[in-house]
Amino acid sequence: MIKSSLLSVAFILSTNATVQAQTNLRTQFNQALALFNEMVMNKEIGEAIDMIQPDVVLSDAEKAEYNSALTEAFPDPFVGSATVQSETLKSGFRQEMLAYWTEEGDYLYLYLVMHTQGAQQQVIHVEHTTTFSKFISRF
């Protein structure tokens, strides 16, 4: 009786720890995504890429170049953003399609591939386009 009670308690504790770790990882991801979206909406794409891909080191000049190119391509301000599609893949991989739009109806789409190992999640691939069908077909 005591043995089965101890096993039940151990199972509940391990399940709670796993759920808590997943919740914390998802919360961290959501917070990072909100900051990333804010940066893109402010046309600070260089800083956004620098934040999500710490292994890619961009100089201040490169960040400014990215920001300038985005402002040139989208002179009007972004008025909205959304996660268009999100899919959990196997072995800790995930893909996301994000959209940003202007009041005039111009769209920027970003495609991200992430990989989670333990408690660490990293973006391993980023692409952008103005063509919806380029990324949505990957889901």
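**Notes on the predicted model**

1. The model is predicted, so local features need pLDDT of at least 70 and side-chain atom pairs count only at pLDDT 80 or more, while totals for chains, interfaces and linings use all residues. Residues are numbered from 1 along each chain as its sequence is written, and side-chain values use heavy atoms, with hydrogens and water left out.

2. The protein chain has four helices and four strands, in the order α-α-α-β-β-β-β-α from the N terminus; these are DSSP runs, with helices being H or I of at least four residues and strands E of at least two, numbered from the N terminus. Of its 139 residues, 30% count as buried, where buried means under 20% relative accessible area, exposed over 50% and partly exposed in between (1.4 Å probe, protein chains only).

3. Helix α2 (residues 45-52) packs with helix α3 (residues 60-73) at an angle of about 125 degrees, and their axes are 6 Å apart. That makes α2 oblique to α3, since angles under 35 degrees count as roughly parallel, over 145 as roughly antiparallel, 65 to 115 as roughly perpendicular and the rest as oblique. The axes are lines fitted to C-alpha atoms, for helices over the stretch in contact, and angles run from 0 to 180 degrees between N-to-C directions. On the α2 side I45, G46, E47 and D50 take part, meeting K63, Y66, N67 and L70 of α3.

4. K43 lies in the loop between α1 (2-41) and α2, and its phi is near 60 degrees, a positive value in a residue other than glycine. K43 counts as buried, at 11% relative accessibility, and its charged end sits over the ring of F78, 5.4 Å from the ring centre (NZ of Lys or CZ of Arg within 6 Å of the ring centre and within 35 degrees of the ring normal). The charged end of R138 likewise sits over a ring, that of Y111, 4.5 Å from its centre.

5. S91, in the loop between β1 (78-88) and β2 (93-102), also has a positive phi of about 60 degrees although it is not a glycine, and S91 is exposed, with a relative accessible area of 63%.

Terms used:
Contact means heavy atoms within 4.5 Å.
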